[in-house]
Amino acid sequence: MSSLALINEFLGQPPNASSHGYQIDHILEFCHWFMGALFVGWSAFFIYVLLRFRKRRQPAADHAGVRSPISTHLEFSVVLIEAVLLLGFAIPLWGKRVNQFPPGKEALLVHVVAAQFSFTYHLPGADGQFGRRDVNLVSNSNPLGIDPNDPAGKDDIVTTGELHVPVDRPVIAELSSKDVIHDFFLPDMRIAGDAIPGSLIPIWFTPVKTGTYEVVCAQLCGLGHYGMKGTLVVDTPQDYQAWLKERAELAGGTQGAVASPSPATQQQPQHNPPAPAASPSPGGE
Ligand SMILES: [Cu+2]
């Protein structure tokens, strides 16, 4: 885990706060240096060509062209390095994000529903079960259309703009959208995923540092796009339980009272773990 991140920092990359993020930082940092070297190399070659083949020096065109194999070797090396970066590092790293999800019991599952112009979060509450959602029940006071007659939904927690998660526990965020394509982007966690109407797309990360981080929408989704900026708060497990309790009490009036979370609350929701992103199931819960 190296701390060498000169270009990343220079370009405004915030410090990493997730367990996998340093791998992404390494590959970004290396790519920037590699591109920098290519830029210097190609620029020098361009200037050399301008001078070497200027009209005064080369009044007649040489139709045979270059005979030296050096340029072929150079170009082959560049292709080889790029292939290693892509096939050896980038694709395996991406594959791990979209295929190797943590076991359902270990991770915290949260539904992230994007809409113009906010992210709404749906947590299962004390019973660990997500309530049924129906698009026909969506209203201003029930933005996710949770069925009031479904007992599993009585204690569900719905928040907009701010999501709390506990530190050092994998989080699976299942993304969906109510209108256009958005992108749930957590720059500090080095993770992002598109929220597409009609699709459920899971992403996952493990926060390793407590703190308050930015949530942004990374798809230009309309005039109020900027307003989708929100907050991710990574809590200690105790603070997280306190937040859950507070949310449950706040929701008490509208969605039914909730007993204070017992240790069982801390267990993973028993809900269906999401399928890999490669085959998102059609949405419409
Ligand atoms: Cu958006």
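H164 is found in strand β4, residues 162-166; helices (H or I, at least four residues) and strands (E, at least two) are DSSP runs, numbered from the N terminus. The model is predicted, so local features need pLDDT of at least 70 and side-chain atom pairs count only at pLDDT 80 or more, while totals for chains, interfaces and linings use all residues. Residues are numbered from 1 along each chain as its sequence is written, and side-chain values use heavy atoms, with hydrogens and water left out.

H164 counts as buried because its relative accessibility is 8%; buried means under 20% relative accessible area, exposed over 50%, and partly exposed in between (1.4 Å probe, protein chains only). Its side chain makes a polar contact of 2.6 Å with that of D235 and another of 3.4 Å with that of W243. A polar contact is a pair of N or O atoms within 3.5 Å; within protein, one must be able to donate a hydrogen and the other to accept it, and residues adjacent in sequence count only if both atoms are side-chain atoms. Neighbours within four places in sequence aside, H164 is in contact (heavy atoms within 4.5 Å) with V233, D235, Y240 and W243.

The copper ion has as protein donors H182 (ND1), C217 (SG), C221 (SG) and M228 (SD), at 2.1 to 2.3 Å. Donors are N, O and S atoms within 2.8 Å of the metal (3.2 Å for Na, K and Ca); water is not among the atoms, so sites may look incomplete. The angles among the 4 donor atoms are 91 to 124°, and the site is tetrahedral, a label for four donors with all angles between 85 and 135 degrees. The sequence spacing of the donor residues is H-x34-C-x3-C-x6-M. C217 counts as buried because its relative accessibility is 7%; M228 does so at 2%.

There are 4 salt bridges in the structure, each a side-chain nitrogen of Lys or Arg within 4 Å of a carboxyl oxygen of Asp or Glu. One of them joins the side chains of D25 and R190 at 2.6 Å, N to O. This pair links distant parts of the chain, with D25 in helix α2 (residues 21-52) and R190 in the loop between β6 (182-186) and β7 (191-195), 165 residues apart. D25 is buried because its relative accessibility is 13%, and R190 is buried at 8%.

K229 forms a salt bridge with E214, the closest N and O atoms being 3.1 Å apart. K229 counts as exposed at 52% relative accessibility, whereas E214 is partly exposed at 33%. R132, D134 and D147 are linked in a network of salt bridges.

How values were computed. Four donors count as tetrahedral if all angles lie between 85 and 135 degrees; four count as square planar and six as octahedral if opposite donors are over 155 degrees apart and all others between 65 and 115; anything else is irregular.
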